[in-house]
Amino acid sequence: MIGGRSTYTPRTGFERWLDARLPLPRLVYDSFIVYPVPRNLNYAYTFGGILTVMLVSQILTGVVLAMHYAPDTTLAFNSVEKIVRDVNSGWLLRYLHSNGASFFFIAVYVHISRGLYYGSYKAPRELLWVLGCTNLLLMMATAFMGYVLPWGQMSFWGATVITNFFTAIPLVGDWIQQLLLGGFAVDNPTLNRFFALHYLLPFMLAGVVTLHIWALHVVGQNNPTGVAVKSPTDVVDFTPHATVKDAFGIVIFLLVLAYFVFYIPNYLGHPDNYTNADSLKTPAHIVPEWYFLPFYAILRAVTFNIGPINSKLGGVLAMFGSIAVLYLVPWLDTAKVRSAVYRPWYRLFFWLFVANALFLGWLGSRPAEGAYVILSQLATLYYFAFFIIVMPMLGLIETPRRLPNSITEAVLEKRVSGSSRGPD
């Protein structure tokens, strides 16, 4: 593709006939063969391709699992056990799907972190970022409903606790909870609703992902320097340069996933969820899946206040606010420089934010008592302060390092500095 004009040339009569009626080969050629990408992309940029592969894997394994699953409270738990024990390769499908969900979230969190680090949300990529945040929301809704389907103890009580928080919303809270549950408690209508939505939402997610990729191809790929493409030497063709790098990253990622699937398939699951749901026996500590723990810690940090005030509504607002604030990032960051590579103070606060998010995840797995509550409140405070205070303030007071004049200059400087060190 040159200057936005397609360079695709049909070679056969059939290709010319198809190109005149449905130019699908031209679309593939322009989007994935000769599409120009910055020449300095690193392996952090392979997670977009990894996420695409994981989405396809989750949909395919989920569709086959749905053929054997029974969305009934008296049959659901045993139907999952039957899939694992009696269905041909059912154990492989189930463990690919359950562990795949965890690895899906690992990839998306790395993908978001890369966007925050390199400033991929800045103009003209605001809509690209907003679509990505919408993908995260759809993923979280899909995963939450999917976690209920095995109908184990943690599935049942997790659904009970989380849906109960909706009652804190004034006026419409009880109505929203009853709409989700299909009644006044988690029961058979709840399971049917969650199964239907868990089946539907991934296809909605696939649609938004398509828009996300489309928006990316319109505005172009960001790069580690944050410097815009200025000349043909700044870019390379997507194939083979980016495809080979993406393929290597995907293979390594899938090898790690395969290790979990074949050797420790239940490592990321909660032991209580391998017991049939019982509404008369409450687990000692009710926790969601690990990828929701930071948001669960934020929920509890505000809900379980120390003192006379116990604000359930505040906890719900804080939990949803921790996602909503991501939508505002393109407008909260006032810095003129995109990449944290050239912003020393932002880089420091960013890594503190990453450590804080991991700390919130650990706190979410602890009981809501004593020092854990205070630490959760402090960690929650920094989570929001990073977006609402640090990002706007640093853009006004930080002095960034000198930016390279072009992507090519940055690549050449890196090569020269690397060669000047000499052999070890």
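How do the residues of the lining of the second largest cavity divide into nonpolar, polar and charged? They come out as eleven nonpolar, two polar and one charged, where Ala, Val, Leu, Ile, Met, Phe, Trp, Tyr, Cys and Pro count as nonpolar, Asp, Glu, Lys and Arg as charged, and the others, Gly among them, as polar.

Before going further, some ground rules. This is a predicted model, in which local features need pLDDT of at least 70 and side-chain atom pairs count only at pLDDT 80 or more, while totals for chains, interfaces and linings use all residues. Residues are numbered from 1 along each chain as its sequence is written, and side-chain values use heavy atoms, with hydrogens and water left out.

Back to the holes. Rolling a probe the size of a water molecule over the atoms shows where empty space is left. Here a cavity is a set of points, on a 1 Å grid over the protein atoms alone, where a 1.4 Å probe fits but cannot get out, and lining residues have an atom within 4 Å of a point. Grid points are joined across faces, edges and corners, and a volume is the space filled by probe spheres set on the points. On that basis the structure holds four cavities of 30 Å³ or more.

The second largest cavity has a volume of about 90 Å³. It is lined by 14 residues, and those closest to its centre are Phe144, Tyr147, Gly158, Ile162 and Pro288. H7 (153-164) gives the most to this lining, with five residues, and H6 also supplies at least two. Helices and strands here are DSSP runs (H or I of at least four residues for helices, E of at least two for strands), numbered from the N terminus.

The largest cavity has a volume of about 890 Å³. Its lining takes in 41 residues, with His97, Ser98, Gly146, Tyr147 and His198 closest to the centre. The elements that give two or more residues to it are H3 (47-66), H4 (76-85), H5 (90-118), H6 (126-148) and H9 (188-219). H5 contributes the largest share, nine residues. By residue class, the lining of the largest cavity splits into 26 nonpolar, 13 polar and two charged.

Next, the aromatic rings. A pair of aromatic rings is described by the distance of the centres and the angle of the planes. Rings of Phe, Tyr and Trp (its six-membered ring) pair if their centres lie within 6.5 Å; planes under 30 degrees apart count as stacked, over 60 as edge-to-face and the rest as tilted. By this rule there are 40 aromatic pairs. Take tyrosine 69 and phenylalanine 195: their ring centres are 5.3 Å apart and their planes sit at 40°, so the pair is tilted. Tyrosine 69 lies in the loop between H3 and H4 and phenylalanine 195 in H9, so the pair ties together parts that are 126 residues apart in sequence. Both tyrosine 69 and phenylalanine 195 are buried, buried being under 20% relative accessible area, exposed over 50% and partly exposed in between (1.4 Å probe, protein chains only).

For a local pair, look in H15 (residues 371-397), where tyrosine 382 and phenylalanine 386 are four residues apart and so separated by about one helical turn. Both belong to a cluster linked by ring pairs, which also includes Tyr45, Tyr118 and Trp351. Phenylalanine 386 counts as buried, at 0% relative accessibility.

Tyr45 and Tyr118 turn up again around asparagine 223, whose contacts (heavy atoms within 4.5 Å) beyond four places in sequence are Pro38, Asn40, Leu41, Tyr45, Tyr118 and Ile407. Asparagine 223 sits in the loop between H9 and strand E2 (235-237), and at 1% relative accessibility this residue is buried.

Proline 124 is in the loop between H5 and H6, whereas proline 240 belongs to H10 (residues 238-263). Leucine 171 is not a glycine, yet has a positive phi of about 70°. Leucine 171 lies in the loop between H7 and H8 (173-181) and is exposed, with a relative accessible area of 90%.

Note on methods. On a 1 Å grid over the protein atoms alone, a cavity is a set of points where a 1.4 Å probe fits but cannot get out, and a pocket is an open set with protein on both sides within 12 Å along at least five of seven lines; lining residues have an atom within 4 Å of a point.
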